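Please go through this model with the structure open beside the text. The paragraphs take up a contact site, the pockets, the ligand and some backbone angles in turn.

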Amino acid sequence: MADRPVTITPPTFTVAIDGPAAAGKGTVARALAGAFGFAHLDTGLLYRAVGVKGGDPVAAARGLVPADLTRDDLRSLAAGEAASVVAALPEVRAALVDFQRRFARQPGGAVLDGRDIGTVICPEAEVKLFVTASPEVRAERRWHETGESIPYDEVLAQVRARDARDTGRADAPLRAAPDAVVIDTSDLSIDEAVARAAAVVRARLGAA
Ligand code: C5P
């Protein structure tokens, strides 16, 4: 029988993916989770759930339950805006740290995507990726997602405003970890972006 390469996943293996909105990190994260059998957490959903809950955001973050993550309005532009406002509050972020770290270190491997996974939540992650794209390309993707129901310029302004809020906040600002591999998806197809990310994971698994 011909020799086949065997990938052995160590007991814990964390892939941390950060980047701005609509850069493609969620798509890359889901593809990696499927390809390598890792669990996946879209950490933006945590902040979106807190943002749409209303009331005191710190209490909402401390009392978050799994059912809050299944609301069907979490993917809206409004929920994204609300998320980036509450995400600037240090007490909200602190309330969500333990859950994310436990998820990251579960047996069998995990992929987490967000803004501060490689820098704050899992600085020890085996793989760190920073998935980005130009604001114009990201706005165009969002604009198509909304069915072009709002003017492109308005979506671009929202993308820029969210970038400014996420990169400018004092606590856990969006930035690439020094040891992150940067993947700029501006001129890449989904398949090309996923292939680059998978190559990084494969290389690290081979070395693990
Ligand atoms: O990734 P997504 O667009 O769902 O995130 C919504 C908002 O939640 C982001 O703009 C950001 O302000 C916040 N967020 C964060 N840290 C994360 C994930 C999301 O601050 N790890």
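Leaving out residues up to four places away in sequence, Val28 touches Ile17, Ala193, Val194 and Ala197. The model is a predicted one, and Val28 sits in its helix H1. Is Val28 buried or exposed? Its relative accessibility is 3%, and because buried means under 20% relative accessible area, Val28 counts as buried.

The largest pocket holds about 860 Å³ of space. It is lined by 40 residues, and those closest to its centre are Ala21, Ala22, Lys25, Arg48 and Arg142. Which element gives the most to the lining of the largest pocket? That element is H1, with five residues. H1 spans residues 25-36 and is one of several elements that each supply at least two residues of this lining. The others are helix H2 (44-53), helix H4 (77-86), strand E3 (110-114), helix H7 (135-145), helix H8 (152-168) and helix H9 (190-207). By residue type, the lining of the largest pocket divides into 15 charged, 13 nonpolar and 12 polar residues.

The second largest pocket has a volume of about 200 Å³. Its lining is made up of Leu46, Ala61, Arg62, Leu64, Val65, Pro66, Leu69, Ala95, Leu96, Asp98, Phe99 and Arg102. Two helices, H3 (57-62) and H5 (90-104), each supply at least two of the lining residues. H5 gives the most, with five residues. How many residues of this lining are nonpolar, polar and charged? Nine are nonpolar, none is polar and three are charged.

Next comes the ligand. There are 15 residues around the ligand, and the ones that come nearest are Arg48, Arg93, Arg115, Arg162 and Asp166. Arg48 was also listed among the residues closest to the centre of the largest pocket. An N or O atom in the side chain of Arg48 is 2.6 Å from an oxygen atom of the ligand. For Arg162, the corresponding distance from a side-chain N or O atom to a ligand oxygen is 2.8 Å. Arg169 also has a side-chain N or O atom placed 2.9 Å from an oxygen atom of the ligand.

Two residues are worth checking for their backbone angles. Most residues other than glycine have a negative phi. Glu148, however, has a positive phi, near 55°. Where is Glu148 found? Glu148 is in the loop between H7 and H8. With a relative accessible area of 42%, Glu148 is partly exposed, because that term covers values between 20% and 50%.

Ala172 is not a glycine either, and its phi is positive at about 50°. This residue lies in the loop between H8 and strand E5 (181-184). Ala172 has a relative accessibility of 9% and therefore counts as buried.

Terms used. Residues are numbered from 1 along each chain as its sequence is written. This is a predicted model: local features need pLDDT of at least 70, side-chain atom pairs count only at pLDDT 80 or more; totals for chains, interfaces and linings use all residues. Side-chain values use heavy atoms; hydrogens and water are left out. On a 1 Å grid over the protein atoms alone, a cavity is a set of points where a 1.4 Å probe fits but cannot get out, and a pocket is an open set with protein on both sides within 12 Å along at least five of seven lines; lining residues have an atom within 4 Å of a point. Grid points are joined across faces, edges and corners, and a volume is the space filled by probe spheres set on the points. Helices (H or I, at least four residues) and strands (E, at least two) are DSSP runs, numbered from the N terminus. Ala, Val, Leu, Ile, Met, Phe, Trp, Tyr, Cys and Pro count as nonpolar, Asp, Glu, Lys and Arg as charged, and the others, Gly among them, as polar. Buried means under 20% relative accessible area, exposed over 50%, partly exposed in between (1.4 Å probe, protein chains only). Contact means heavy atoms within 4.5 Å. A residue is near a molecule or strand if one of its heavy atoms lies within 4 Å of it. A polar contact is a pair of N or O atoms within 3.5 Å; within protein, one must be able to donate a hydrogen and the other to accept it, and residues adjacent in sequence count only if both atoms are side-chain atoms.
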